[in-house]
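Trainee: Please pick one part of this model and take me through it closely. I would like a single connected answer, with each term given its cut-off.

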Amino acid sequence: GLIEPLLKINITPDIGGKIDKIYVEEGVRVSKGQLLAELDTRAIKLQLNQAEAAVAVAEASYKDAQRNMDRMERLSQENAVSEQQYEKIKLSFEAAEAQLKQALAAVNLAKYNLDVAIMRAPFSGIVASRNAEEGDVINPMMGGFSPTSGVLTLMDFSKIKIEIDVSVNSIARIKKGQKATLAVSA
């Protein structure tokens, strides 16, 4: 038959990139949440800096557009501006608001990419195999996954599942909850 761990996972980042560091070796026991490996994050950190700068620019534009909109609403209530002037300022305000949302989304995306570039153990177990080396480029979006794809394979052997073949003659004698004895040669 076949004996397998109840939990088995190939540790793969959600984004592609070059593997910067692998912190564990094959056969090592790890705890849930433990740092296992990480991608090179220099480019992502630069993208985050760029996105944060874009937020600063967008916030300034938004504040300016907000002041202009507040001023225009007062003037509009006094019938001191044309409908066209009001619509132009309102459109500028909406564009500034959209640019601020876009800049904040870019910051959130860069932070997310930084977070998922760090691979942690989703459960406690044993590193069954090391499938990549530092410096390798990995792209989870390319497909072609095999049992050894990913950076590492993590298994939890605290509970196992056993798949065995049972002959047609023996199947009638097996009942749910029945005790069984297992002998493993290894």
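**Charged pairs and their surroundings**

Mentor: Arg67 is partly exposed, at a relative accessible area of 46%. On this scale buried is under 20%, exposed is over 50%, and partly exposed is in between (1.4 Å probe, protein chains only). The model is a predicted one, in which local features need pLDDT of at least 70 and side-chain atom pairs count only at pLDDT 80 or more, while totals for chains, interfaces and linings use all residues. Residues are numbered from 1 along each chain as its sequence is written, and side-chain values use heavy atoms, without hydrogens or water.

Arg67 makes a salt bridge with Asp64, with 3.9 Å between the closest N and O atoms; the term requires a Lys or Arg side-chain nitrogen within 4 Å of an Asp or Glu carboxyl oxygen. Both residues lie in helix α1, 3 residues apart, which means about one helical turn separates them. Helices (H or I, at least four residues) and strands (E, at least two) are DSSP runs, numbered from the N terminus. Asp64 is partly exposed too, at 37%.

The structure has 5 salt bridges. Another of them pairs Lys21 with Glu134, whose closest N and O atoms are 3.7 Å apart. Lys21 belongs to strand β2 and Glu134 to the loop between β6 and β7, so this pair ties together parts 113 residues apart in sequence. Lys21 is partly exposed at 34%, and Glu134 is partly exposed at 37%.

β2 (residues 17–22) runs antiparallel to β7 and is joined to it by 2 bridges; DSSP must find at least two bridges for strands to count as paired. Within that pairing, Gly17 has Ile138 of β7 as its bridge partner. The open sheet has 4 strands in the order β5-β4-β2-β7, with antiparallel pairing. β5 (118–120) and β7 (137–138) are its edge strands, each pairing on one side only.

Glu133 and Arg130 form a further salt bridge, 3.3 Å from N to O. Glu133 is partly exposed at 43%, whereas Arg130 is buried at 19%. With Glu25, these two make up one network, through salt bridges that share partners.

Strand β6 covers residues 125–130 and is joined to β3 by 2 bridges, the two running antiparallel. Here Arg29 has Ile126 as its bridge partner. The sheet is open, with 4 strands ordered β1-β8-β6-β3 and antiparallel pairing. β1 and β3 (29–30) are at the edges with a single partner strand each, so one side of each has no neighbour in the sheet.

Arg130 is also among the contacts of Leu152, neighbours within four places in sequence left aside; others include Ile9, Leu36 and Val127. Contact means heavy atoms within 4.5 Å. Leu152 is one of the residues with the most contacts inside the largest nonpolar core, which has 30 residues. Such a core is a set of buried Ala, Val, Leu, Ile, Met, Phe, Trp, Tyr and Cys residues joined through side-chain atoms within 4.5 Å. The elements giving two or more residues to this core are β2, β4 (35–39), α1, α2 and β8. α2 supplies the largest share, 6 residues.
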